[in-house]
Structure formats: structure tokens, C-alpha cells
Amino acid sequence: FIELTTANHIEAVKEKGNLRFDLIRQADDPDRFMLYEAYESDETSAAHKKTAHYLKWRESVENFMAEPRKGIKYIIVQPSDKKKW
């Protein structure tokens, strides 16, 4: 999972509109991970989900999931100045 997600991360951070892509592991349960991704807009986020590296990742990690993947949408509060993104 880490290897596959790292490959996705390396390509995703090169994408136009990608602000951040973190892969984090739960400290008390090494089998649980979270991906934190931030994009400039809904459009750049949607474009990410059409890339070859994302589609390959999604298919490759499907059997690793203990439960279905779920995305939770957040809105950037700070920094409020987009120049600091």
C-alpha cells in the first residue's frame, strides 16, 4: 500500500492545482492510513481523479481496503490569501 500510494503521491504533487498530498499512518494502528490532499479548486481535484497514476493507484489498492474508501471534502480556511497556498 505504501509503495503504491507513494507512486501516486510523487505524480500527484506535480499536477497543476495540487497544493498538498500527504500520506499519514495512524500511530496506534499501523494498518490504518489517511491521505490528505488539497487542490486549488474542484476542477483540479476532479482532473486528478482522471489521471493515469490515480486510476492505477485506485485499482491497485482496492483489495487492501478493510472498508470502502471515502472522501470527505473540506474548505481551506487559512491561509485565506490564495497567494500563500
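Partly exposed means a relative accessible area between the buried limit, under 20%, and the exposed limit, over 50%. Arg20, at 44%, therefore counts as partly exposed. The model described here is predicted.

**Salt bridges**

A search of the whole structure finds three salt bridges.

| Lys14 | Glu11 | 3.2 Å |

Which parts of the chain does the pair of Lys73 and Asp42 link? Lys73 lies in the segment after helix H3 (52-61), and Asp42 belongs to helix H2 (residues 42-48). The two residues are 31 residues apart, and the pair links distant parts of the chain.

**Exposure of the partners**

Is Lys73 buried or exposed? Its relative accessible area is 62%, so Lys73 is exposed. Lys14 reaches 59% and therefore also counts as exposed.

**A nonpolar surface patch**

Which residues form the nonpolar patch on the surface? They are Ile24, Met34 and Tyr36. Together they have about 290 Å² of accessible area. Tyr36 sits in strand S2, which covers residues 33-39. Its relative accessibility is 40%, so Tyr36 counts as partly exposed. Patch residues need over 30% relative accessible area, and Tyr36 has 40%.

Conventions:
Residues numbered from 1 in each chain as written. Predicted model: local features only at pLDDT ≥ 70, side-chain atom pairs only at ≥ 80, totals over all residues. Heavy atoms only, no water. Patch = residues over 30% accessible without salt bridge, like charges linked within 9 Å, V, L, I, M, F, W, Y side chains within 5 Å. Areas by Shrake-Rupley, 256 points an atom, 1.4 Å probe, with all protein chains shown as cover. Salt bridge = Lys/Arg side-chain N within 4 Å of Asp/Glu carboxyl O. Helix = DSSP H or I, 4+ residues; strand = E, 2+ residues; numbered from the N terminus. Buried < 20%, exposed > 50% of the residue type's maximum accessible area, 1.4 Å probe, protein only.
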